[in-house]
Amino acid sequence: MFHSDGFLHAVVDKGLVLRLSKDIELKLNCSDKVSNVKGDNVQYSKNAEVNTNELDKEDQPLRLHQFVCNAFRSELNVAENGAGLFIKNGVRVSAHHALLQGAVHLNGKCCKMGRTVLNPGDVVSMKLEPTSLLTEGSELIAWYGSAAVATKLEGEGKNILDRKSDMGKRKGRMMPVLDQPGVHSNKRSKIDDLCSLPPFLLYYRQKLAFSWKPDIHEAAMAKPLPLTIRVLKPTHRLENELISFGFRKVMARDFSLELCDVTDNTIRKTLDAVAVHELLSNAWIIQDEKRYQDDIIIRKDLGTFLSDARISGEILQQELNSMLPVSILAAFLKKRNMWLKLSHLRFLDLCAAPGSKTCQLLTTLNNLLETNSSNEPMNDFTVVANELMSHRASRTLSRCCLQGNKTLSHLIVTAGDGRQYAKMGKSYFDFVICDVPCSGDGTIRKSPEKLGKWTKKNAESNKPLQKDLLKVGLDLLKPTKVSDDENVGGGVLLYSTCSLNPVENDEVILEVLEEMNESSHYKYEVVNLEDISIRQNAKKKQTGNFLRVLPAASHGGFFVAALRKTLINNVMGIDLHDNPVLCKRKHDLIWAHNNITSEETLAYAISLSTWQCCFDLSKLIEIQLIGCGVPAFYKSKNSVQFILQEGCSCFDSDELSGVVPAFTLTQTEFINYFNTDLGHLLFPLSSVHEVSVGVQSSGPCMVKLSSSNASGEQTQLLLPAKIIRTDRSLNHVTVEITTRPQIFKRVLHNT
């Protein structure tokens with residue numbers, strides 16, 4: 001995305017072609033998997049397990065109304081965390097009215113037809129409300145005319161706050177108290193009634209025995225889930241804002257992180273200290289949710305702050321339980337120093353949507369890269385995120401792109417049945433996350449209606465799919481070579497569910513291990529999470545353990561286990577030290593073109609290892625590619641170029657630095673040079689640092705805004721921009737900031 005002249009612009013990437021080699025090209029967001037350059041032998045993804053109606057829906061042409069709903073979701077001014085319009089089917093209704101009001105343009109022309117079919121490379125623009133762009137108040141940045149439409153809908157009685165019968169139909173988010181004031185008082189009584197039903201309670205009181213404490217776990221389930229976030233870009237100012245809104249840092253006492261031994265469920269141990277530190281690091285929880293339920297103004301201010309900070313990539317709204325798998329994975333990386341010893345690591349999130357774990361993983365890897373001063377860090381790696389349905393995979397990609405860090409050039413997002421990855425062959429990935437589909441009865445606090453539908457058959461029906469996905473993940477996992485005195489290579493699989501039921505957790509793991517250990521050259525085992533160490537003794541039998549998290553005041557129910565596979569004496573002859581890049585190319589921007597007109601539209605920043613992994617995926621499996629790397633440049637038909645918000649950080653990397661001119665400003669200089677009336681920066685060339693490239697009369701550029709983080713270290717915020725004019729006689733340059741307006745709003749607020 002990029003912002004210019006009062007419009008927020010988004011480029012249609014569906015159908016654009018990435019050429020991986022002379023013979024293979026990939027279409028983005030299309031069911032066409034691989035096609036020859038000459039145009040023949042087009043192959044389509046075939047998945048007998050997927051509902052035919054769903055596949056037909058996925059293959060429909062992309063229409064304007066659908067694109068507006070997805071691309072401009074945040075600008076549609078729909079209620080989120082207490083701010084915006086509370087209307088039924090808010091996103092679709094708001095997009096419909098934005099089209100009718102002429103706020104949506106297609107390729108520079110106003111378009112009111114929501115059923116208009118979009119072509120690859122089209123630019124959809126939304127006119128934004130000018131008064132919302134530079135305000136520091138509690139208003140969301142929204143499309144032009146949305147306030148008038150909101151008043152009209154409220155007058156017609158379509159405001160959901162005035163229709164209590166509709167309020168209960170909205171699914172709760174991280175904190176339903178903020179989304180639906182007053183709703184949870186009704187839901188609580190419903191939960192109390194449902195909790196008195198014997199099937200659910202009797203089942204878990206018997207199944208979990210002494211572990212299930214009614215006065216703790218059942219009492220917690222009768223309360224709304226508190227809002228928790230993860231800070232991605234910590235600064236002193238952001239921490240002060242969080243404290244002012246009633247947040248505090250998550251502490252160890254907020255969790256019950258006791259491990260259960262595989263062989264004896266009564267033995268209780270504590271989770272590895274490094275994993276606990278990773279979990280608690282930068283995690284925040286709100287303290288007094290009732291305060292925001294009762295005060296509409298405070299709730300609105302908080303909702304706007306959360307929306308703007310999320311879009312700016314400063315925070316990630318994520319439930320505490322969901323942070324566990326990546327926190328354990330990060331502990332493995334740190335305690336084994338794998339990012340120092342190994343290159344070209346590959347990570348797979350087999351069931352990625354809604355994308356919070358993938359986002360957390362990208363942030364973790366980015367932090368490792370920034371804190372590592374070695375000349376040989378984890379210099380190249382690949383993160384593959386897969387989701388069954390393409391629209392959910394697209395939302396996962398969009399959520400990841402909000403972070404705007406350098407790791408996005410290492411990301412691949414695919415859509416398809418995770419079981420298809422079995423065709424990749426054995427031992428392709430170093431780390432695998434299997435957050436498998438489940439009954440979800442650990443999330444009852446977010447979705448109270450699940451209690452009324454609960455039966456033990458729900459868990460039993462999910463078990464075959466869960467076992468299949470776990471088997472695929474273990475096959476894909478890179479093995480560890482173990483001898484008497486050394487441990488070489490190898491990775492870990494993290495299996496997790498948001499279910500309380502041992503049928504979907506312990507039983508799935510134990511049955512899969514029993515089946516695979518009987519007919520394999522590898523040894524599969526559960527890892528001891530009490531102490532994640534580098535070495536293991538091949539002769540001594542070790543007992544692993546599970547992490548079962550039961551509902552408590554700050555979180556719902558969850559289950560995590562780590563598994564490894566070992567290979568004694570390397571009988572298969574596998575190279576355990578590296579994942580070599582077989583096809584070499586220059587690390588540069590790769591242009592995606594329109595297959596109809598052959599015009600280059602978007603330039604992608606893709607790391608070498610990621611490009612190689614995408615090449616392997618295209619050859620080995622039939623799966624839909626949603627995204628590879630990150631879009632960094634847009635080039636219009638008249639060759640005007642813009643740096644895209646998603647990929648701007650890539651221009652600060654060693655490989656792409658110097659591609660465009662960059663200016664470094666302090667916060668004071670930024671305020672002094674910013675012209676509020678024009679919305680532009682006007683500054684003398686002599687007062688800024690010019691990087692690598694000479695300043696042209698016009699064109700894309702970068703603005704680096706110096707700031708300090710929460711640790712007092714100097715950091716730089718990267719803002720994509722466009723040079724409007726350069727007056728060398730007066731020695732000054734005029735620059736328009738083209739970053740997403742929510743980010744610019746946060747910059748002005750913070751400076």
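This is a predicted model: local features need pLDDT of at least 70, side-chain atom pairs count only at pLDDT 80 or more; totals for chains, interfaces and linings use all residues.
## Salt bridges

Let's start with charge. Side chains of opposite charge can pair when their charged atoms come close. This structure holds 28 salt bridges, and here are a few of them.

One joins the side chains of arginine 419 and aspartate 417, with 2.9 Å from N to O. Are these two residues buried or partly exposed? Arginine 419 is partly exposed, at 24% relative accessible area. Aspartate 417 has a relative accessibility of 6%, so it falls under the 20% cut-off and counts as buried.

Another salt bridge pairs glutamate 600 with lysine 635, at 3.4 Å from N to O. This one links distant parts of the chain: glutamate 600 sits in strand β26 (residues 600-605) and lysine 635 in strand β28 (residues 630-635), 35 residues apart. Glutamate 600 is partly exposed at 37% relative accessibility, and lysine 635 is also partly exposed, at 21%.

Now look at lysine 467 and glutamate 511, whose side chains form a salt bridge of 3.1 Å, N to O. Lysine 467 belongs to helix α20 (residues 456-476) and glutamate 511 to helix α21 (residues 506-518), so the pair ties together parts that are 44 residues apart in sequence. Lysine 467 is buried, with 14% relative accessibility, while glutamate 511 is partly exposed at 27%.

Which residues are linked with them in a network of salt bridges? The network is made up of Lys207, Lys463, Lys467, Lys471, Glu507, Glu511 and Glu515.

## How α20 and α21 pack

The axes of α20 and α21 are 10 Å apart, and the two helices pack at an angle of about 55 degrees. That angle makes α20 oblique to α21, and their crossing is right-handed.

Where they touch, α20 brings Lys463, Gln466, Lys467, Leu470, Lys471, Leu474 and Asp475. On the α21 side, the residues are Glu507, Val508, Ile509, Glu511, Val512, Leu513, Glu515 and Met516. Sort the residues of this contact by type and you get seven nonpolar, one polar and seven charged.

As for spacing along a helix, an α-helix has 3.6 residues a turn, so residues three or four places apart point the same way.

## A mostly covered helix

Last stop: helix α24 (residues 741-750). How many of its ten residues are buried? Nine of them are, so the helix is mostly covered. The buried residues are Pro741, Gln742, Ile743, Phe744, Lys745, Arg746, Val747, Leu748 and Asn750.

How values were computed:
Residues are numbered from 1 along each chain as its sequence is written. Side-chain values use heavy atoms; hydrogens and water are left out. A salt bridge is a side-chain nitrogen of Lys or Arg within 4 Å of a carboxyl oxygen of Asp or Glu. Buried means under 20% relative accessible area, exposed over 50%, partly exposed in between (1.4 Å probe, protein chains only). Helices (H or I, at least four residues) and strands (E, at least two) are DSSP runs, numbered from the N terminus. Axes are lines fitted to C-alpha atoms, for helices over the stretch in contact, and angles run from 0 to 180 degrees between N-to-C directions. Angles under 35 degrees count as roughly parallel, over 145 as roughly antiparallel, 65 to 115 as roughly perpendicular and the rest as oblique. A crossing is left-handed if the near helix is turned anticlockwise from the far one by less than a right angle, and right-handed if clockwise. Contact means heavy atoms within 4.5 Å. Ala, Val, Leu, Ile, Met, Phe, Trp, Tyr, Cys and Pro count as nonpolar, Asp, Glu, Lys and Arg as charged, and the others, Gly among them, as polar.
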